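Hi there,

Here is the structure I promised to pass on to you. Please have it open while you read my notes.

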Amino acid sequence: MSTIAIDVDEVLLSYINGLVCFYYIVYDDKIPGKPAITADMFRKYHFATDLECSDDESKKLTDAFHASKVFKRLPPVRGSVRGLQTLKARGHKLCVVTSRELAVRDITVSMLNEIYPTIFEPEDIHFGNQYGDSGEKKSKRQMCMEIEADILIDDLPRHVMSVSSETKGILFGNYPWNEGDYDVIRASDWADVVKTVDALV
Ligand SMILES: [Mg+2]
């Protein structure tokens with residue numbers, strides 16, 4: 001049995017797709033010159049850079065998004081429900097490690113429980129609070145060390161490469177922001193994650 005740490009956005013839930021819909025359909029405070037945004041603009045997964053706007057505009061957008069109904073209804077990433085069920089049935093301990101801020105903790109926990117019932121114990125959902133205005137911040141590396149994760153599954157190369165030697169990183173998905181050659185194990189989708197975990201443990 002291994003302890004597997006799993007990221008939320010773009011690994012379990014499709015954040016960018018939700019943000020793009022929200023921006024186009026709901027958001028009234030459009031960034032100057034940008035009537036719409038598209039998923040392929042997100043090349044760095046740093047929104048001010050990707051959208052060529054100020055940090056203030058980026059923060060205003062994500063705050064409005066997080067307060068919206070669209071954010072509460074982000075769709076699961078394809079194959080994630082079955083993938084988690086398979087890993088759970090193999091006897092692995094499944095934990096969530098997200099950089100999300102504490103302000104969206106409750107909504108995140110309820111979304112995960114709704115979409116992935118019985119998969120995660122409440123105490124196994126961890127928040128790094130990286131975008132929080134207050135409260136302690138923790139890196140993915142720190143969270144993985146604290147829960148003694150054997151494996152981290154994450155879509156951002158910098159997180160996968162940051163983990164200690166005790167944790168094996170799996171870079172998830174083929175996204176604009178993780179294109180390129182990284183010296184890491186990759187899994188292109190959830191079926192691939194299951195195969196990769198089977199081979200690692
Ligand atoms: Mg992510």
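This is a predicted model: local features need pLDDT of at least 70, side-chain atom pairs count only at pLDDT 80 or more; totals for chains, interfaces and linings use all residues.

Residues are numbered from 1 along each chain as its sequence is written.

Start with helix α4, residues 80-89, where S80, G83, L84 and L87 are buried. Buried means 20 or more other C-beta atoms within 10 Å of a residue's own, exposed means 12 or fewer, and partly exposed is in between, with C-beta atoms placed from the backbone. Helices (H or I, at least four residues) and strands (E, at least two) are DSSP runs, numbered from the N terminus. Those four sit on the same side of α4 because they cover an arc of only 95 degrees around the axis, judged by the directions from the helix axis to the C-beta atoms. The face turned away from that side carries the exposed residues R82 and A89.

What do the buried residues of α4 pack against? Their partners are β1 (3-6), β2 (93-98) and α8 (190-200).

Of its 42 residues, I4, A5, I6, I151, L152, I153 and I170 touch the most other members. The largest share, 5 residues, comes from α1.

Enjoy exploring!

Notes
Two residues are in contact if their C-beta atoms, placed from the backbone, lie within 7 Å. A nonpolar core is a set of buried Ala, Val, Leu, Ile, Met, Phe, Trp, Tyr and Cys residues joined through C-beta atoms within 7 Å.
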